[in-house]
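Trainee: I would like to learn how to read secondary structure packing from a coordinate file. Please show me the model and take me through it.

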Amino acid sequence: MGQSSRPPVAPGFPEQLEQGYRSFLSGRFRAEQERFAELASGQSPRVLLIGCCDSRVSPETIFDARPGEIFVLRNVANLVPPYAPNDDYHGTSAALEFAVMGLRVEHVVVMGHARCGGIKAFVENEVDPYSRPLSPGDFIGKWIRLVQPAFEALGPVPQDGPLDGFIAKLELEAIRQSLANLRTFPCISTLEQRGLLQLHGAYFGVMDGKLLAYDEASGQFNAIAADAHAVALKEPRF
């Protein structure tokens, strides 16, 4: 990006962000200015997507979403805690409650992804007796402990060979666990039983761009738009 001759308005503000904002104003904002004007009066997304805060996995990009179409909640390892009404701070639960009860979304999607740093750190900490313990006093240590039930559901960690395969299985199992935790929220279980809310699991491949969706009836993750994905992989890159 070129250097601007204008004096800085906010010294130290990342130039990358300013230049990106300028591109947004001349491109997408100009093309969708009426859309933004409509959104000023409120939002009514039909989908809540719970994703990882990993910078490589942007839900709006993956699903080519327009402003206002997806209510996005991102946290470390796209985890959903169980329902726990107490005096602690519950950022994920608060956003979940707002989307379901305030915005009345019709779908909740938990989207995990390949090569998740949070899941990998949890596994490595469990298998290496010399690793630094995930202290319950650390924010990340306490949060990532939500993976424990999914970890135990998979059984023993393979002792020989790389951990990549086990980590990938845990990334999927953690999605199943988060779906189970969602159903511990009374408002969610009630709305699901009444047919007003649907829960979904999804998994995105960072390297290959493949998207999987969870079929609860079979317990399997199946490819979405496999035909379009195959075509995209064959197209020349520019």
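Trainee: How are helix 6 and helix 9 oriented to each other?

Mentor: Angles under 35 degrees count as roughly parallel, over 145 as roughly antiparallel, 65 to 115 as roughly perpendicular and the rest as oblique. Axes are lines fitted to C-alpha atoms, for helices over the stretch in contact, and angles run from 0 to 180 degrees between N-to-C directions. Here helix 6 (residues 117-127) and helix 9 (residues 164-182) pack at about 120 degrees, with axes 10 Å apart. The two helices are therefore oblique to each other. Their crossing is right-handed; the rule is that a crossing is left-handed if the near helix is turned anticlockwise from the far one by less than a right angle, and right-handed if clockwise.

Trainee: What are the ground rules for the model and the numbering?

Mentor: The model is predicted: local features need pLDDT of at least 70, side-chain atom pairs count only at pLDDT 80 or more, and totals for chains, interfaces and linings use all residues. Residues are numbered from 1 along each chain as its sequence is written, and side-chain values use heavy atoms, with hydrogens and water left out. Helices (H or I, at least four residues) and strands (E, at least two) are DSSP runs, numbered from the N terminus.

Trainee: Which residues of helix 6 and helix 9 meet?

Mentor: Contact means heavy atoms within 4.5 Å. From helix 6 come Ile 119, Lys 120, Phe 122 and Val 123, and they meet Phe 166, Ile 167, Leu 170, Glu 171 and Ala 174 of helix 9. By class, this contact has 7 nonpolar residues, no polar and 2 charged. Ala, Val, Leu, Ile, Met, Phe, Trp, Tyr, Cys and Pro count as nonpolar, Asp, Glu, Lys and Arg as charged, and the others, Gly among them, as polar.

Trainee: What is the strand order of the sheet?

Mentor: Strands of a sheet pair through backbone hydrogen bonds, either parallel or antiparallel. Two strands pair if DSSP finds at least two bridges between them. This open sheet of 6 strands has the order 2-1-3-4-5-6, with mixed pairing. Strand 2 and strand 6 (220-223) are the edges, each pairing on one side only. On average, neighbouring strands are turned by 30 degrees against each other, direction ignored.

Trainee: Which way does strand 1 pair with strand 2 and strand 3?

Mentor: Strand 1 (residues 47-52) pairs with strand 2 (residues 70-75) in the parallel sense over 6 bridges, and Gly 51 has Arg 74 as its partner in strand 2. With strand 3 (residues 107-113), strand 1 is again parallel, over 4 bridges; there Leu 48 is bridged to Val 108. By contrast, strand 4 (residues 198-204) and strand 5 (residues 211-215) are antiparallel over 3 bridges.

Trainee: Is Asn 78 buried or exposed?

Mentor: Asn 78 is buried, at 3% relative accessible area. This residue sits in the loop between strand 2 and helix 5 and has a positive phi of about 45 degrees although it is not a glycine. Arg 104, in the loop between helix 5 and strand 3, also has a positive phi, near 60 degrees, but counts as exposed at 68%.

Methods
Buried means under 20% relative accessible area, exposed over 50%, partly exposed in between (1.4 Å probe, protein chains only).
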